[in-house]
Amino acid sequence: MKILAVSDRVVKGIYSSRICERFSDVDMVLACGDLPYTYLEYIVSMLNVPCFYVHGNHDQPEYTANGRTLTKPGGWVNLDGRTVEARGLLLGGLEGSIRYRPDAPFQYTEGEMAHKVWRLTPALLMNRVFYGRYLDILITHSPPFGIHDDTDRAHRGFKALLRFMARFRPRYLLHGHKHAYGLESLRTQYKDTEVINVYPSRVIEW
Ligand SMILES: [Zn+2]
């Protein structure tokens with residue numbers, strides 16, 4: 001199984017007719033936020049595979065040339081605060097970044113993110129009963145605290161995501177939000193989970 005993950009920046013090789021030849025063997029697409037909805041709709045219309053996303057802190061309504069107002073990407077399933085089974089994988093999502101501006105959408109305090117995890121917990125426990133495991137892949141916009149995050153207020157990761165990995169042991173946590181250039185680490189093992197910074201795109205073999 002091949003998964004294409006995208007986040008934070010439009011990739012020319014994906015937003016072009018070459019997408020079909022380059023990614024014809026992709027079984028699923030995951031998006032970790034801060035991407036134009038029109039880009040995501042292009043991806044799903046070209047690849048025609050299951051697509052799941054969470055919102056990033058920069059997501060906002062988008063006005064298209066033909067007069068549509070997009071508040072979400074058509075053809076995509078919002079994974080925030082829920083889990084789904086797709087192609088044999090258990091997927092879950094937690095949107096947004098740490099709160100650094102009052103009242104801005106898709107931003108959460110550490111306590112609010114802990115509450116979102118708590119609300120997701122019954123569904124994870126049900127997965128454990130029915131499938132023998134809590135979750136395979138968690139997609140988030142923000143990185144966990146201390147892993148691929150930064151010290152400035154807007155890019156600090158969530159401690160709640162560390163506790164999530166310690167308790168529910170997904171195989172992957174895919175995140176965006178942190179634009180990575182150069183040699184900084186993009187893959188970090190934390191307990192049973194490989195934390196991957198998706199920015200701007202990544203192919204994951206399951
Ligand atoms: Zn962001």
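Trainee: Which residue stands opposite Asn-78 in E6?

Mentor: This is a predicted model, in which local features need pLDDT of at least 70, side-chain atom pairs count only at pLDDT 80 or more, and totals for chains, interfaces and linings use all residues. Residues are numbered from 1 along each chain as its sequence is written, and side-chain values use heavy atoms, with hydrogens and water left out. Strands (E, at least two residues) and helices (H or I, at least four) are DSSP runs numbered from the N terminus, and two strands pair if DSSP finds at least two bridges between them. Here Tyr-53 stands opposite Asn-78; strand E3 (residues 51–53) and E6 pair in the parallel sense over 2 bridges.

Trainee: What is the strand order of the open sheet?

Mentor: The order of its 5 strands is E6-E3-E2-E1-E15, with mixed pairing. Strand E6 (77–78) and strand E15 (201–205) are the edges, each pairing on one side only.

Trainee: Which protein donors does the zinc ion have?

Mentor: Donors are N, O and S atoms within 2.8 Å of the metal (3.2 Å for Na, K and Ca); water is not among the atoms, so sites may look incomplete. Asp-34 (OD), Asn-57 (OD1), His-141 (NE2) and His-177 (ND1) lie 2.1 to 2.3 Å from the zinc ion. Asp-34 sits in the loop between strand E2 (28–31) and helix H2 (37–47), and His-177 in the loop between strand E12 (172–175) and strand E13 (187–190), so the pair ties together parts 143 residues apart in sequence.

Trainee: Is Asp-34 buried or exposed?

Mentor: Buried means under 20% relative accessible area, exposed over 50%, and partly exposed in between (1.4 Å probe, protein chains only). Asp-34, at 12%, is buried, and His-177 is buried at 4%.
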